[in-house]
Amino acid sequence: MAKMQYCGTGRRKSSIARVRLIPGKGNITINKKDLTDYFGMEILKREVRRPLELVNSNTQFDVIATVKGGGCTGQAGALRHGISRALLQVDLGNRPALKAAGFLTRDPRMKERKKYGLKKARKASQFSKR
């Protein structure tokens with residue numbers, strides 16, 4: 001007997017999260033580690049759980065995710081985006097709540113590229129008139 005699973009891909013900055021929702025008890029596993037072991041800060045753990053809490057499915061699904069690239073905050077944002085997309089496959093009735101909260105919109109902000117003649121994207125060397 002095949003288990004039902006729902007997949008979603010989330011992105012933020014340079015992080016990419018591949019998320020699977022499987023009927024279960026509410027366990028969240030990221031890169032084969034528990035959520036509490038993977039993210040140290042409480043804010044990031046709460047950020048990952050928010051889509052599930054919004055549609056009242058905290059204890060209905062187990063989340064299994066693989067995350068690559070970026071830092072902690074970008075990975076948490078990518079997970080939130082991926083979980084939200086997977087919840088859409090579960091039930092399209094979740095869409096208005098997730099859309100209103102802004103969880104389905106991909107955050108387009110990226111790091112600006114370094115320009116020639118400058119030290120970073122906008123940082124220039126100090127100007128001296130004399």
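This note goes through a predicted model point by point, from the whole chain down to single residues.

1. Overall layout. The protein chain contains four helices and five strands. Along the sequence these follow the pattern β-β-β-β-α-α-β-α-α. The radius of gyration is 18 Å, well over the 14 Å that the globule rule gives for 130 residues, so the chain is more spread out than a compact globule. The C-alpha trace spans about 75 × 30 × 25 Å along its principal axes.

2. Burial and contacts. Of the 130 residues in the protein chain, 35% are buried. Among contacts with a separation of 6 or more, 67% are between residues 24 or more positions apart.

3. The sheet. Five strands make an open sheet in the order β1-β2-β5-β3-β4, and the pairing is mixed. β1 (6-12) and β4 (33-34) stand at the edges; each has a single partner strand, so one side of each lacks a neighbour in the sheet. Strands of a sheet pair through backbone hydrogen bonds, either parallel or antiparallel.

4. The pairing of β2. Strand β2 runs antiparallel to β1, and seven bridges join the two. Gly8 has Val19 in β2 as its bridge partner. β2 also runs antiparallel to β5, to which eight bridges join it. Here Arg20 has Ile64 in β5 as its bridge partner. The β1 and β2 strands form a hairpin with two residues between them, and Lys13 in the turn has a positive phi of about 50 degrees.

5. The two faces of β1. In a regular strand the side chains alternate between the two faces of the sheet.

6. Helix α3 lies across β1, β2, β3 and β5, and runs at about 145 degrees to β1. Ser84 is part of this helix, which covers residues 72-90. Is Ser84 buried or exposed? Ser84 has a relative accessible area of 0%, so Ser84 counts as buried. Apart from neighbours within four places in sequence, Ser84 is in contact with Pro51, Leu98, Phe103 and Leu104.

7. In soluble globular proteins, nonpolar side chains tend to be buried together. In this model the largest nonpolar core has 26 residues, and Phe39, Val48 and Leu79 touch the most other members. At least two residues of this core come from each of β2 (15-23), β3 (28-30), α2 (42-54), β5 (61-68) and α3. Helix α3 gives the most, with seven residues. Phe39, leaving aside its neighbours within four places in sequence, is in contact with Ile30, Leu44, Lys45, Val48, Cys72, Gln75, Ala76 and Leu79.

8. Side chains of opposite charge can pair when their charged atoms come close. The structure holds seven salt bridges. One of them joins Arg12 to Asp107, with the closest N and O atoms 3.1 Å apart. Arg12 is in strand β1 and Asp107 is in the segment after α4 (95-101), so this pair links parts of the chain 95 residues apart. Arg12 has a relative accessible area of 16% and is buried. Asp107, at 18%, also counts as buried. Arg12, Asp107 and Arg109 are linked in a network of salt bridges.

9. Lys45 and Glu42 meet through their side chains in a salt bridge (3.9 Å, N to O). Lys45 and Glu42 are three residues apart in α2, and therefore about one helical turn separates them. Lys45 is buried, with a relative accessible area of 9%, whereas Glu42 is partly exposed, at 43%.

10. A salt bridge between two helices. The side chains of Arg80 and Glu47 form a salt bridge (2.5 Å, N to O). Arg80 is in helix α3 and Glu47 in helix α2, so the pair ties together parts 33 residues apart in sequence. Arg80 has a relative accessibility of 19%; buried means under 20%, so Arg80 counts as buried.

Terms used. Residues numbered from 1 in each chain as written. Predicted model: local features only at pLDDT ≥ 70, side-chain atom pairs only at ≥ 80, totals over all residues. Heavy atoms only, no water. Buried < 20%, exposed > 50% of the residue type's maximum accessible area, 1.4 Å probe, protein only. Contact = heavy atoms within 4.5 Å. Core = buried A, V, L, I, M, F, W, Y, C linked by side-chain atoms within 4.5 Å. Pairing = 2+ DSSP bridges. Axes fitted to C-alpha atoms, helices over the stretch in contact; angles between N-to-C directions. Salt bridge = Lys/Arg side-chain N within 4 Å of Asp/Glu carboxyl O. Rg over C-alpha atoms; globule rule 2.2 N^0.38 Å.
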